[in-house]
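Subject: Structure for your review

Dear colleague,

Please find below the sequence and structure that I am handing over to you. My findings are set out after it.

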Amino acid sequence: MTVADTPTRSTGSARPILEGRRGLAPQISVYVFVILPLAALVAAIPFAWGWGLTWIDIAIALVFYVTSGLGITVGYHRYFTHGSFKAKRPLRIALALAGSLAMQGPVITWVADHRRHHAFSDKEGDPHSPWLFGTGPAALAKGFWHSHMGWLFDRDQTNRERFTPDLLADRDILRVDRLFVTWSVATLLVPAALGGLLSWSWWGALTAFFWAGLVRVGLLHHVTWSINSICHMIGDQPFAARDHSRNVWPLAVLSFGESWHNLHHADPTCARHGVQRGQVDISARVIWAFEKLGWAHSVRWPTQRRLEKLARAA
Ligand SMILES: [Zn+2]
Ligand SMILES: [Zn+2]
């Protein structure tokens, strides 16, 4: 057993890795949730010059980017998927809610897909590896598209019974999971309402809907998806992982530390991903603050000995 095998939970079961196909209505909603923010992001480029972007829009967008972004990195990813720390009930629910504002899927589905990614990383069974089609230029272009967003349209669903029995047994989390469409509507309409109230105009509501709703969701989508695509294709590999995971520094701030992806695959339950000198990891700082406030405990911080061992093995 390698170090990378140990920490990912719930993968040794005899249950199949897939559970049936996605129905037509959820499939259509995947298209809407993916395409609409992407179209806004593309449209934002010409609009940014001279079309109704105000400081109010920027401020609301920033608040929602940080809240939903940390909901994904600290909540969906480091806490729910990997159990990097333990959280008290209010924080646990708040993290599930914050992550749900990113329009990246219901919490349990997201976690099931991501645990499957670690269980099979860059091998057959990984839902979003760029390396499944070969290593030629055309195969890698196809792999990039698949790992970045093509896999989202795959109707085969990860078996939640197999990968996330812990979350399915949690009534709070199940409730947040089932209301995902509600949170997705709220993540677009609340910024619009705030923009309307703060500017006291319908136009302000519309520009906040566009910038702090759609464009903000679209940007975070592509930052998150870049961890699955770019961070498995280019960058450094200072630590021993059994896959193609890499560190990509230009994405460190926007991804709240998730682009230190090589250490993450080498040691998946570690609460800090940016462990080397100068590697900014905002999510780790936030977990540290939760620990200081007494909201989180049993945080799996890296030890020097373990890091040295992982670096030597590389
Ligand atoms: Zn990965
Ligand atoms: Zn992970």
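Predicted model: local features only at pLDDT ≥ 70, side-chain atom pairs only at ≥ 80, totals over all residues.

Residues are numbered from 1 along each chain as its sequence is written, and chains are lettered from A and ligands numbered from 1 in the order in which they are written.

**Annotations from the record**

The unreviewed UniProt entry carries the annotation "domain: Fatty acid desaturase" over residues 54-273. UniProt positions are given in the numbering used here, feature names are shortened, and annotations may be inferred rather than shown by experiment. Across residues 54-273 the chain is 60% helix and 2% strand, with the end C-alpha atoms 35 Å apart. Helices (H or I, at least four residues) and strands (E, at least two) are DSSP runs, numbered from the N terminus.

The unreviewed entry also places the feature "transmembrane region" at several stretches, including residues 55-79 and 131-153. Residues 55-79 are 100% helix and 0% strand, and their end C-alpha atoms lie 33 Å apart. Residues 131-153 are 52% helix and 0% strand, with end C-alpha atoms 18 Å apart.

**The pair α2 and α10**

Two packed helices are described by the angle between their axes and the distance between the axes. Helix α2 (residues 55-81) packs with helix α10 (residues 202-228) at an angle of about 35°, and the axes are 9 Å apart. Here axes are lines fitted to C-alpha atoms, for helices over the stretch in contact, and angles run from 0 to 180 degrees between N-to-C directions. The crossing of α2 and α10 is right-handed, a term that applies if the near helix is turned clockwise from the far one by less than a right angle. On the α2 side the contact residues include Ile60, Phe64 and Ile72, and on the α10 side they include Gly204, Thr207 and Trp211. Two residues are in contact if their C-beta atoms, placed from the backbone, lie within 7 Å. The residues of this contact divide into 10 nonpolar, 5 polar and 2 charged. In that division Ala, Val, Leu, Ile, Met, Phe, Trp, Tyr, Cys and Pro count as nonpolar, Asp, Glu, Lys and Arg as charged, and the others, Gly among them, as polar.

Gly52 lies in the loop between α1 (24-47) and α2 and touches Trp203 and Thr207, not counting residues up to four places away in sequence. The C-alpha atoms of Gly52 and Gly204 are separated by 8.4 Å, although these residues are 152 residues apart along the chain.

**Helix α8**

In helix α8 (residues 171-178), Ile173, Val176 and Asp177 are buried. A residue is buried if 20 or more other C-beta atoms lie within 10 Å of its own, exposed if 12 or fewer, and partly exposed in between, with C-beta atoms placed from the backbone. Seen down the axis of α8, the buried residues fall within an arc of 100°, so they line one face of the helix; the arc is that of the directions from the helix axis to the C-beta atoms. These buried residues pack against α3 (89-100), α4 (107-119), α7 (165-168) and α9 (180-199). The face turned away from the buried side carries the exposed residues Arg171, Arg175 and Arg178.

Asp172 is also in helix α8. Asp172 counts as partly exposed because 13 C-beta neighbours lie inside 10 Å. Residues up to four places away in sequence aside, Asp172 touches Arg92 and Ile93.

**Individual residues**

Arg116, in helix α4, is buried, with 24 other C-beta atoms within 10 Å. Leaving aside neighbours within four places in sequence, Arg116 is in contact with Ile17, Gly125, Pro127, Thr158 and Phe163.

Most residues other than glycine have a negative phi. Phe256 has a positive phi of about 55° although it is not a glycine, and Ser298 has one of about 50°. Phe256 is in the loop between α10 and α11 (261-266) and is buried, with 26 other C-beta atoms within 10 Å. Ser298, in the loop between β4 (296-297) and α13 (304-313), is exposed, with 11 other C-beta atoms within 10 Å.

Glu258 is likewise placed in the loop between α10 and α11. Leaving aside neighbours within four places in sequence, Glu258 is in contact with Thr73, His77, Ile227, His273 and Ser283.

Yours sincerely
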